[in-house]
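Morning, everyone. The model is on the screen.

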Amino acid sequence: MIDLYYWPTPNGHKITLFLEEAGLEYQIKPINIGKGDQFDPGFLKIGPNNRMPVIVDNAPADGGAPVSVFESGAILLYLAEKTE
């Protein structure tokens with residue numbers, strides 16, 4: 001299961017589109033950027049650049065610990081490699 005820390009922005013939509021098309025299981029964790037949720041210390045642990053979107057892959061391909069990926073381009077590359 002992938003946790004998607006998301007707010008409806010163009011970059012966020014790119015990730016939801018990929019996840020839907022790839023058929024990957026995910027759940028959305030809303031981060032209200034209008035209220036400044038992206039500056040919350042808990043969020044900054046997984047997305048240190050305080051920007052949307054961020055994913056946490058709780059079942060990475062190597063079977064290891066959950067992996068956090070941020071920046072939409074990096075997320076798309078990560079997901080593409082995961083679904084090869």
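Start with strand 3, residues 54–57, which is covered on both faces. Val54 and Val56 are buried on one side, and Ile55 and Asp57 are buried on the other. Buried here means under 20% relative accessible area, exposed means over 50%, and partly exposed is in between, with a 1.4 Å probe and protein chains only. Helices, H or I with at least four residues, and strands, E with at least two, are DSSP runs numbered from the N terminus.

Before I go on, the ground rules. This is a predicted model, in which local features need pLDDT of at least 70 and side-chain atom pairs count only at pLDDT 80 or more, while totals for chains, interfaces and linings use all residues. Residues are numbered from 1 along each chain as its sequence is written, and side-chain values use heavy atoms, with hydrogens and water left out.

Now the partners of strand 3. Strand 1, residues 2–6, runs antiparallel to strand 3 and is joined to it by four bridges. Within that pair, Asp57 of strand 3 has Ile2 opposite. Strand 4, residues 67–70, is also antiparallel to strand 3, again over four bridges. There the bridge partner of Ile55 is Val69 in strand 4. Two strands count as paired if DSSP finds at least two bridges between them.

What is the strand order of the open sheet? The four strands run 2-1-3-4, with mixed pairing. Strand 2, at 26–30, and strand 4 are the edge strands, each pairing on one side only. On average, neighbouring strands of this sheet are turned by 20° against each other, direction ignored. Angles run from 0 to 180 degrees between N-to-C directions, and axes are lines fitted to C-alpha atoms, for helices over the stretch in contact.

The parallel part of the sheet is strand 1 with strand 2, joined by five bridges. In this pair Tyr5 stands opposite Lys29 of strand 2. As background, strands of a sheet pair through backbone hydrogen bonds, either parallel or antiparallel.

On to the helices. Helix 1, residues 10–22, lies across strand 1, strand 2 and strand 3, at about 155° to strand 1. Helix 3, residues 72–82, lies across strand 1, strand 3 and strand 4, and runs at about 135° to strand 4.

How do the axes of helix 1 and helix 3 cross? They come within 10 Å and cross at roughly 10°. That makes the two helices roughly parallel, a label for angles under 35 degrees; over 145 is roughly antiparallel, 65 to 115 roughly perpendicular, and the rest oblique. From helix 1, Asn11, Lys14, Ile15, Phe18 and Leu19 meet Ser72, Ile75, Leu76, Leu79 and Ala80 of helix 3. By class, this contact has seven nonpolar, two polar and one charged residues. Nonpolar covers Ala, Val, Leu, Ile, Met, Phe, Trp, Tyr, Cys and Pro; charged covers Asp, Glu, Lys and Arg; the others, Gly among them, are polar.

Thr16 sits in helix 1 and is buried, at 13% relative accessible area. Leaving aside neighbours within four places in sequence, Thr16 is in contact, meaning heavy atoms within 4.5 Å, with Leu4, Tyr6, Tyr26 and Ile28.

Tyr6 belongs to strand 1 and counts as buried because its relative accessibility is 10%.

Then the backbone. Where does the cis peptide bond fall? It joins Met52 and Pro53, with omega at about -10°. Pro53 is in the loop between helix 2, at 41–46, and strand 3. Asn50 is in the loop between helix 2 and strand 3, and has a positive phi of about 50° although it is not a glycine. Asn50 is partly exposed, with a relative accessible area of 25%. Glu71, in the loop between strand 4 and helix 3, has a positive phi near 75° and is likewise not a glycine. At 35% relative accessibility, Glu71 counts as partly exposed.

Last, the record. An unreviewed UniProt entry annotates residues 1–84 as "domain: GST N-terminal". UniProt positions are in the numbering used here, feature names are shortened, and annotations may be inferred rather than shown by experiment. In the model, residues 1–84 are 36% helix and 21% strand, and the end C-alpha atoms of the span lie 17 Å apart.
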